[in-house]
Amino acid sequence: MRIPILKLHNYLLISIQTEIDDQTAIKFQEDLLAKIHKTGAIGVVIDLTSVDIIDSFIAKVLGDVVSMSDLMGARVVLTGIQPAVAMTLIDLGIHLQNVPTALDLEQGLVKLHQELGG
Amino acid sequence: MNPRSCVNIHKEWDIVGARQLGREMAKEIGFGTVDQARIATAVSELARNIYLYAKNGQVCFEYIYTNSQKGILMTAVDTGPGIKDISSVMQDGYTTSGGLGAGLPGVKRLMDDFDIESAVGEGTKIKAIKWIR
């Protein structure tokens, strides 16, 4: 299973719609970094609106991909984290500090636009 | 009649299978979305521990009833290497796999009751209950 990555001008957009298993998550990490490299994207939005479970492994992969993209020079924003997912992550003790987030895809794009200086 | 459903854990995809079954059963007995997510996440953590450390095991779910409460009991059993020092794995931040170390203390916080038994060389058995509020 592969998560599709869409290019929109200087940005990459990802909407995760499937139940993520570990392999899919790792594959996604590789795919995203390769796509940033190939397209020269400066901003990425990963929308998690349809994701109803984030366990410690998936959280680690997401947190890592934000740091990795950052190293390459692309800013990542996670959007649409559901209330139940946010509560569960905090129960688990996972705070994802330093990971930029926004309420939804639209706000995520606004945030990127602001941070990257239009 | 109180049916018990189990998922054998021996490949990575079984982690997804276990959490889907856990969520399904939680939903059916009447847990809200937040508790369904808590239960499914706890299952995912336990199933991943089995997959990573023991290679083989089983996660089972059953409904439990008392006079005033109903809930779901999950049991994660493996015949892996066992845990030498249970108190250390129950500390936040402990990990041997390079993960986030959210594992067992996280599961304990997600659930209401939590019990672990382990013997080195024999395996580990974890029982966790979530009650409907």
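**Entry 1: ground rules**

I call a residue buried if 20 or more other C-beta atoms lie within 10 Å of its own, exposed if 12 or fewer do, and partly exposed in between, with C-beta atoms placed from the backbone. I am looking at a predicted model, where local features need pLDDT of at least 70, side-chain atom pairs count only at pLDDT 80 or more, and totals for chains, interfaces and linings use all residues. Residues are numbered from 1 along each chain as its sequence is written, while chains are lettered from A and ligands numbered from 1 in the order in which they are written. Helices (H or I, at least four residues) and strands (E, at least two) are DSSP runs, numbered from the N terminus.

**Entry 2: chain A overall**

I found four helices and five strands in chain A. Their order from the N terminus is β-β-α-β-α-β-α-β-α. My next check was the radius of gyration, which is taken over C-alpha atoms; the globule rule is 2.2 Å times the number of residues to the power 0.38. Chain A has 13 Å, which agrees with the value near 13 Å for a compact globule of 118 residues. Of those 118 residues, 38% are buried. UniProt, in an unreviewed entry, places "domain: STAS" at residues 1-112 of chain A; its positions are given in the numbering used here, feature names are shortened, and annotations may be inferred rather than shown by experiment. I read 47% helix and 18% strand over that stretch, with its end C-alpha atoms 28 Å apart.

**Entry 3: helix 2 of chain A**

I followed helix 2 of chain A from residue 56 to residue 72. Its 17 residues reach 24 Å from first C-alpha to last, close to the expected 24 Å (the expected span is 1.5 Å times one less than the number of residues). Which residues of this helix are buried? I noted Ser56(A), Phe57(A), Ile58(A), Ala59(A), Leu62(A), Val65(A), Val66(A) and Ser69(A). They pack against parts of both chains, including strand 3 (43-47) of chain A and helix 4 (103-110) of chain B. Just after the helix, Gly73(A) takes a positive phi of about 105°.

**Entry 4: Ile54(A)**

I stepped back into the loop between strand 3 and helix 2 of chain A, where Ile54(A) lies. Is Ile54(A) buried or exposed? Ile54(A) is buried, because 28 other C-beta atoms lie within 10 Å. Two residues are in contact if their C-beta atoms, placed from the backbone, lie within 7 Å. Leaving out residues up to four places away in sequence, Ile54(A) touches Ala59(A), Val85(A) and Leu89(A).

**Entry 5: chain B and where the chains meet**

I counted four helices and five strands in chain B, in the order β-α-α-β-β-α-α-β-β from the N terminus. Its radius of gyration is 14 Å, close to the 14 Å from the rule for 133 residues, so chain B is as compact as a globular protein of that length. How many residues of chain B are in contact with chain A? There are 23, and they meet 19 residues of chain A. Helix 2 of chain B gives the largest share of that side, nine residues. By type, I sorted the side into ten nonpolar, six polar and seven charged residues (Ala, Val, Leu, Ile, Met, Phe, Trp, Tyr, Cys and Pro count as nonpolar, Asp, Glu, Lys and Arg as charged, and the others, Gly among them, as polar).
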